[in-house]
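Subject: Structure handover

Hello,

Here is the structure for you to take over. My notes on what was found follow directly below it.

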Amino acid sequence: MAARWSADHLQLHQRLLQQPSLLPKGAPLLLAVSGGQDSMAMAALLLDLQRLHHWRLLLWHGDHRLRDASTEQAQALGGWATGQGLAIEIETWKEPRGGEAAARQWRYGCLTQLAIERGIAHVLTAHTASDKAETLILQAARGSHRRGLASLRPRRPLAAGIEVVRPLLGFSRTDTGRICNELKLPVWPDPSNNDMGFSRNRVRHGVLPVLESLHPGATRRLAQLSESLAQESENHDELLRLALEQLIAADDPRQLNRQQLLALHPANQAGVVQAWLQQHNQDPLPAASLGRLIEQLPLSAGPGQWDLAAGSQLSWNREWIRLQGTP
């Protein structure tokens with residue numbers, strides 16, 4: 001088969017050259033392929049770029065048996081992969097129950113186990129900029145913190161030495177549909193993607209089309225906003241770590257300088273205290289609780305204490321805040 005090349009191939013190729021650790025040259029890659037347009041576009045693009053990056057590709061498909069004809073679809077997908085010279089593993093969920101959340105847990109469990117068995121450090125999913133935009137809208141509606149708005153990062157840990165990688169975040173769902181048409185790829189749509197009982201589908205079919213009609217390109221800009229928030233969050237975390245290093249007692253990491261902490265803006269005080277507690281394996285404090293704690297720390301309030309989870313406690317005098325009973 002003659003090598004295919006397009007602006008889409010070039011876009012992904014250039015991104016991988018700019019971020020070589022995302023999908024290292026010569027690495028074995030495990031691709032989660034559902035048969036939908038996103039995963040089929042991902043598989044085809046990576047297959048065509050394989051000659052330049054020398055990956056070893058292994059496809060994985062999970063037959064969840066949650067809908068009619070899923071087994072026939074799995075067999076057809078397997079036949080397509082074999083015809084392309086691609087290795088594929090197909091697993092069947094023997095006891096399907098619990099809906100989408102349970103299916104996702106089973107799916108990632110299978111992928112993790114297979115990655116461990118084959119010595120593969122990169123598990124690929126076909127999330128796109130459209131998924132990123134949908135997540136941003138849903139998280140914003142829930143009142144999420146910035147970290148929630150910045151979810152769906154290009155990579156995330158899956159297990160020790162294994163990470164999930166999302167190489168298609170620079171493409172929209174419109175792009176993957178076009179790629180499938182141009183490359184004449186077979187696609188097996190998931191009927192559940194049209195079930196308006198799922199909140200994500202209501203955003204996908206009801207909210208984003210309206211935003212696109214009002215402001216063409218809205219989906220891509222929302223995805224870019226999410227990425228910008230993620231970068232800002234990483235920068236903020238780095239500055240918090242630097243600030244925290246200056247506030248921790250040199251001879252006792254369980255003590256924080258109260259006076260120096262109070263010289264910071266209250267929002268930064270909260271961030272530093274949260275980061276300090278997490279360093280000592282404390283569960284993150286809810287925003288409301290953290291706010292009430294910060295309100296009790298001014299020197300004018302005198303000494304005090306605050307109960308944490310699992311029997312731990314904060315106490316403070318004029319100079320130091322001390323953590324006791326660390327898990």
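Leucine 31 has leucine 124 in E4 as its bridge partner. The model is a predicted one. The strands involved are E1 (residues 28–32) and E4, which run parallel and are joined by three bridges. E4 itself covers residues 122–124 and is also joined to E6 by three bridges, again with the two strands parallel. In that pairing, histidine 122 stands opposite glutamate 163 of E6.

E6 also pairs with E5 (residues 155–159), this time in the antiparallel sense and over four bridges. Arginine 155 stands opposite valine 165 in E6. E5 and E6 form a hairpin with two residues between them. Glycine 161, in the turn, has a positive phi of about 75 degrees.

Both faces of E6 (residues 162–165) are covered. Ile162 and Val164 are buried on one side, and Glu163 and Val165 are buried on the other.

These pairings belong to an open sheet of six strands with mixed pairing, in the order E3-E2-E1-E4-E6-E5. E3 (87–92) and E5 stand at the edges and have a single partner strand each, so one side of each is left without a neighbour in the sheet. On average, neighbouring strands of this sheet are turned by 30 degrees against each other, with direction ignored.

Two helices lie across strands of the sheet. H2 (residues 37–53) lies across E1, E2 (56–63) and E4, and runs at about 160 degrees to E1. H4 (residues 99–118) lies across E1, E2, E3, E4, E5 and E6, and its angle to E2 is about 150 degrees.

Next, a helix pair. The axes of H11 (residues 266–279) and H12 (residues 287–295) come within 10 Å and cross at roughly 110 degrees. H11 passes H12 in a right-handed crossing. On the H11 side the contact is made by Pro266, Gln269, Ala270, Val273 and Gln274, and on the H12 side by Leu290, Leu293 and Ile294. By class, the contact of H11 with H12 has six nonpolar residues, two polar ones and no charged ones.

One loop residue is also worth a note. Leucine 183 lies in the loop between H7 (173–182) and H8 (199–214). Is leucine 183 buried or exposed? Its relative accessible area is 16%, and the cut-off for buried is under 20%, so leucine 183 counts as buried. Leaving out residues up to four places away in sequence, leucine 183 touches Arg4, His9, Ala44 and Asp48. Leucine 183 and tryptophan 5 are 178 residues apart in sequence, while their C-alpha atoms are 10.0 Å apart in space.

Finally, the totals. The protein has 12 helices and 11 strands. Of its 327 residues, 45% count as buried. Along its principal axes the C-alpha trace spans about 75 × 50 × 40 Å. Among contacts with a separation of 6 or more, 69% are between residues 24 or more positions apart.

Regards

Note on methods: Residues are numbered from 1 along each chain as its sequence is written. This is a predicted model: local features need pLDDT of at least 70, side-chain atom pairs count only at pLDDT 80 or more; totals for chains, interfaces and linings use all residues. Side-chain values use heavy atoms; hydrogens and water are left out. Buried means under 20% relative accessible area, exposed over 50%, partly exposed in between (1.4 Å probe, protein chains only). Two strands pair if DSSP finds at least two bridges between them. Axes are lines fitted to C-alpha atoms, for helices over the stretch in contact, and angles run from 0 to 180 degrees between N-to-C directions. A crossing is left-handed if the near helix is turned anticlockwise from the far one by less than a right angle, and right-handed if clockwise. Contact means heavy atoms within 4.5 Å. Ala, Val, Leu, Ile, Met, Phe, Trp, Tyr, Cys and Pro count as nonpolar, Asp, Glu, Lys and Arg as charged, and the others, Gly among them, as polar.
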